[in-house]
Amino acid sequence: MQEPSAEVSGDGGSTVQNLPQPHTVSDNPSQVAMDDEVLRKSVNREREASFAMGLENNGAQYVNINEEASSPRVYNINKVSVLPLVFLIFYEVSGGPFGIEDSVGAAGPLLALLGFLIFPLIWSVPEALITAEMGTMFPENGGYVVWVSSALGPYWGFQQGWMKWLSGVIDNALYPVLFLDYLKSGIPALSGGLPRTFSALGLTAILTFLNYRGLVIVGWVAILLGVFSLLPFIVMGLVAIPKLEPSRWLVVNLHEVDWNLYLNTLFWNLNYWDSISTLAGEVDNPKKTLPKSLFYALILVVVGYFFPLLIGTGAVPLNRELWTDGYFSDIAKLLGGVWLRWWIQGAAAMSNMGMFIAEMSSDSFQLLGMAERGMLPECFAKRSRYGTPLIGILFSASGVILLSWLSFQEIVAAENFLYCFGMILEFLAFVRLRMKYPAASRPYKIPIGTVGSILMCIPPTILIFVVLALSSLKVAAVSLGAVVIGLVMQPCLTYAERRRWMKFSPNTNLPDLHGHNQESSGALIE
């Protein structure tokens with residue numbers, strides 16, 4: 001029997017010629033099986049060639065992602081533009097200088113200041129550059145899950161999604177607690193008991209509803225919260241100018257440095273640049289908007305950390321024991337009075353709201369992107385009438401409530417541990433795609449070669465292993481247990497799909513990363 005042929009058109013599309021006609025029921029079962037196998041292989045080759053040509057030429061295969069949503073009801077959903085995206089990234093990563101006080105308490109003024117200048121070069125810049133390149137190469141919801149899946153296969157793509165989602169939910173469990181902590185000095189009833197519990201649940205419900213109403217609303221709320229959160233530090237800086245003593249910035253004692261707390265504080269406050277990639281399908285013209293927004297957000301984050309540290313350490317006599325969470329409000333009172341302290345406390349509370357809504361948006365759209373890739377049941381891909389992933393939002397909110405009992409230190413350490421594993425997979429995916437598919441379309445490409453790509457990933461990888469080595473045994477055991485759950489969960493979901501216990505429906509508008517024939521080594525690019 002002659003095998004059907006596939007012809008690839010010159011514009012990156014493809015047409016299939018000589019496909020066998022639908023066969024009638026045959027008395028020979030082996031002949032029917034052969035016909036089905038030939039048809040399946042032909043369609044697979046056609047899909048693989050189509051995606052390959054799209055990557056080699058101009059990435060036109062992703063037009064549907066930017067112009068059409070996966071649900072017919074949401075064609076005209078407004079996309080996120082540059083300014084809202086900058087503040088969404090700002091809240092994914094930072095949210096302001098609240099929480100960086102421990103860096104001074106752990107290492108003193110000089111190392112704290114140097115840390116927030118040097119650490120971004122080692123960690124934040126490489127991560128932001130990789131996010132810009134990979135996010136424009138794969139401008140769809142799912143972000144880093146799609147990167148890892150395309151480079152290492154769907155199994156590891158699922159592990160990436162599980163670790164990053166769990167890390168994000170653990171991170172988000174922190175913000176309602178911190179919000180109430182900043183208000184309890186003015187409202188003592190929020191210190192504990194049922195008032196605190198119901199307040200945390202109510203706040204979680206309100207912020208979850210904001211995410212349900214739409215990503216554009218979340219973006220503009222993030223802008224308003226960002227301006228309100230940063231403005232008091234500008235005022236504090238102006239008030240502090242007559243009291244600055246530069247010699248205070250140079251204080252250091254290497255024999256009294258808590259390296260674990262110091263590095264975890266830097267790491268926690270300067271990571272999650274890749275989280276915005278899970279929203280790439282909701283961004284207006286992501287191939288230009290995403291790199292530009294990452295650049296502006298990087299400047300905003302670094303300045304937003306360094307300037308308050310410079311003011312706080314230079315204008316107030318050093319007492320390292322006082323430099324813990326919330327100390328900036330005490331500095332504000334010393335420099336400007338009670339009114340400035342209240343403004344800082346209000347800004348800190350609002351900042352936690354901004355970080356919550358930004359993180360939940362990223363987590364929920366990640367689940368939507370995984371469902372569109374067939375990694376999760378199709379219910380996760382369904383959108384509300386506002387275009388938001390309803391099931392993903394509910395799952396993320398449930399995770400926040402279940403994990404809110406953890407302490408601040410446990411939350412930071414656990415999320416850092418899981419995040420480190422995810423970043424290792426991202427670096428491997430980035431380098432592998434650079435080596436294996438150098439001609440693939442990259443609307444934004446880091447101006448370094450393959451060797452430069454490897455060298456760029458070495459410093460942050462070393463930092464990852466340092467952070468992992470400094471983790472406590474309790475945190476390591478809990479985090480590794482969570483990793484094992486993901487390793488087992490993916491085969492279980494595959495089995496459930498095979499037995500038709502759950503329905504999985506990949507989005508046919510998305511380019512095929514591997515083809516159904518996993519034995520094909522040229523599934524991405526022939």
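Close-up 1. At 0% relative accessibility, Ser 103 counts as buried, where buried means under 20% relative accessible area, exposed over 50% and partly exposed in between, with a 1.4 Å probe and protein chains only. Ser 103 belongs to helix 4 (residues 101–107). Helices (H or I, at least four residues) and strands (E, at least two) are DSSP runs, numbered from the N terminus. Which residues does Ser 103 touch, not counting those up to four places away in sequence? They are Gly 108, Ala 112, Phe 116, Tyr 262, Thr 265 and Leu 309. A contact means heavy atoms within 4.5 Å.

The model is predicted: local features need pLDDT of at least 70, side-chain atom pairs count only at pLDDT 80 or more, and totals for chains, interfaces and linings use all residues. Residues are numbered from 1 along each chain as its sequence is written, and side-chain values use heavy atoms, with hydrogens and water left out.

**Close-up 2. The whole protein.** The protein has 18 helices and two strands. Of its 526 residues, 54% are buried. Take the contacts between residues at least 6 apart in sequence: 83% of them join residues at least 24 apart. The accessible surface comes to about 22500 Å², by the Shrake-Rupley method with a 1.4 Å probe; for residues, only the protein chains shown count as cover. Carbon and sulfur atoms hold 66% of that surface.

**Close-up 3. Aromatic pairs.** Rings of Phe, Tyr and Trp (its six-membered ring) pair if their centres lie within 6.5 Å; planes under 30 degrees apart count as stacked, over 60 as edge-to-face and the rest as tilted. The count is 23 aromatic pairs. One of them joins Phe 90 and Tyr 91, edge-to-face, at 5.2 Å centre to centre and 70 degrees between the planes. Phe 90 and Tyr 91 are both buried.

**Close-up 4. Phe 233 and Phe 328.** Why is this pair edge-to-face? The ring centres of Phe 233 and Phe 328 are 5.6 Å apart and the planes stand at 85 degrees, so the pair is edge-to-face. Phe 233 lies in helix 10 (residues 215–240) and Phe 328 in helix 13 (residues 327–336), so the pair ties together parts 95 residues apart in sequence. Phe 233 is buried at 2% relative accessibility. Phe 328 is buried at 1%.

**Close-up 5. A ring cluster and a charge over a ring.** Ring pairs link Phe 119, Trp 123, Phe 267, Tyr 272, Tyr 419 and Phe 427 into a cluster. Elsewhere, the charged end of Lys 164 sits over the ring of Tyr 144, 4.2 Å from its centre. The rule asks for NZ of Lys or CZ of Arg within 6 Å of the ring centre and within 35 degrees of the ring normal.
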